[in-house]
Amino acid sequence: MALIITLGVLGLVLGFFMPVAAQKVCVYKFFKKGKEFLPLAWHLVWWIRLLSAFVSACGFVFCAVFVPGIFLRFLFCLIWIVIMLVIFVDIYIRIIPNEAVLLLLALGSVYQITIYGFYGLGNALITMLVVAAVFLIIAKILGFAQIGAGDVKLASVMALTLGYPRVLDAFLIMALSMGAFCFGGIALNKLTKYSLFPYAPFIGFGLLGGMGFMFF
């Protein structure tokens, strides 16, 4: 119980400040391009920060209950937090930071080795290459304005972290969440067939959900 409370509170605090951290990353990315980042008022509204805190706390509590071992719990929570950061940054400025992708690549590799050993890593690497090829083909067909290079890289990291067949769980979650978003957006007249929106939230949901299904 003490572990559940501790990780739950830690996740709550980290999640509450995640939108602020995402803004700092946006400032850094714009600074590298010689531009000034101008945050919008809605970036830090109270309900977004509370929602972020809730999602983060849920992930950390899940980790405390279902994920075995201190090291694996550390990896799980760290990946969870980095993915949430990537989601916010992509929503804010439509950029998936390469630094975060490289960090997730390293964490995903260690995660695979910890759970499945080096044999699992080999399977995950093949899965990553296949997913990368599929996303590149889709991006080529739809255009990189629809699916950016960052989306391809993040999906590849997702595949590496989960491996086959767990990556199929992630694709199912991605499809359901994106379908619900598009259907809701069209029903509310917020989206059209020409609308552009960030894909990192759906790839991130797929990765986090797939990580959860690994323990069932």
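Q: Asn-189, buried or exposed?
A: Asn-189 counts as exposed, because its relative accessibility is 69% (exposed means over 50% relative accessible area, buried under 20% and partly exposed in between, with a 1.4 Å probe and protein chains only).

Q: What kind of model and numbering are we using?
A: This is a predicted model, in which local features need pLDDT of at least 70 and side-chain atom pairs count only at pLDDT 80 or more, while totals for chains, interfaces and linings use all residues. Residues are numbered from 1 along each chain as its sequence is written, and side-chain values use heavy atoms, with hydrogens and water left out.

Q: Ok, back to Asn-189, where is it?
A: Asn-189 sits in the loop between helix 7 and helix 8 (helices are DSSP runs of H or I with at least four residues, strands are runs of E with at least two, and both are numbered from the N terminus). Its phi is near 60°, a positive value in a residue other than glycine.

Q: Which loop has Arg-94, and what is its phi?
A: Arg-94 lies in the loop between helix 4 and helix 5, and its phi is also positive, near 60°. Most residues other than glycine have a negative phi, and most peptide bonds are trans.

Q: Where is there a cis peptide bond, then?
A: Tyr-164 and Pro-165 are joined by one, with omega at about 10°, and Pro-165 belongs to the loop between helix 6 (149–162) and helix 7.

Q: Switching to packing: how do helix 5 and helix 7 sit?
A: Helix 5 (residues 98–142) packs against helix 7 (residues 166–187) at an angle of about 40°, and their axes are 11 Å apart; axes are lines fitted to C-alpha atoms, for helices over the stretch in contact, and angles run from 0 to 180 degrees between N-to-C directions. The two helices are therefore oblique to each other (under 35 degrees counts as roughly parallel, over 145 as roughly antiparallel, 65 to 115 as roughly perpendicular and the rest as oblique).

Q: Which residues meet there?
A: Tyr-116, Thr-127, Val-131 and Phe-135 of helix 5 meet Arg-166, Val-167, Phe-171 and Met-174 of helix 7, where contact means heavy atoms within 4.5 Å.

Q: And how do helix 6 and helix 8 pack?
A: Their axes are 10 Å apart at an angle of about 5°, which makes helix 6 roughly parallel to helix 8. Among the residues making the contact are Leu-154 and Met-158 of helix 6, and Leu-207 and Gly-210 of helix 8.

Q: Last one, helix 2: which residues are buried?
A: In helix 2, Met-18, Pro-19, Ala-22, Gln-23, Cys-26 and Lys-29 are buried. Viewed down the axis of helix 2, they fall within an arc of 140°, so they line one face of the helix (the arc is that of the directions from the helix axis to the C-beta atoms).

Q: What covers them, and what is on the face turned away?
A: The cover includes helix 1 (2–16), helix 3 (46–66), helix 4 (70–93) and helix 5, whereas the face turned away from the buried side carries the exposed residues Lys-24, Phe-31 and Lys-32.
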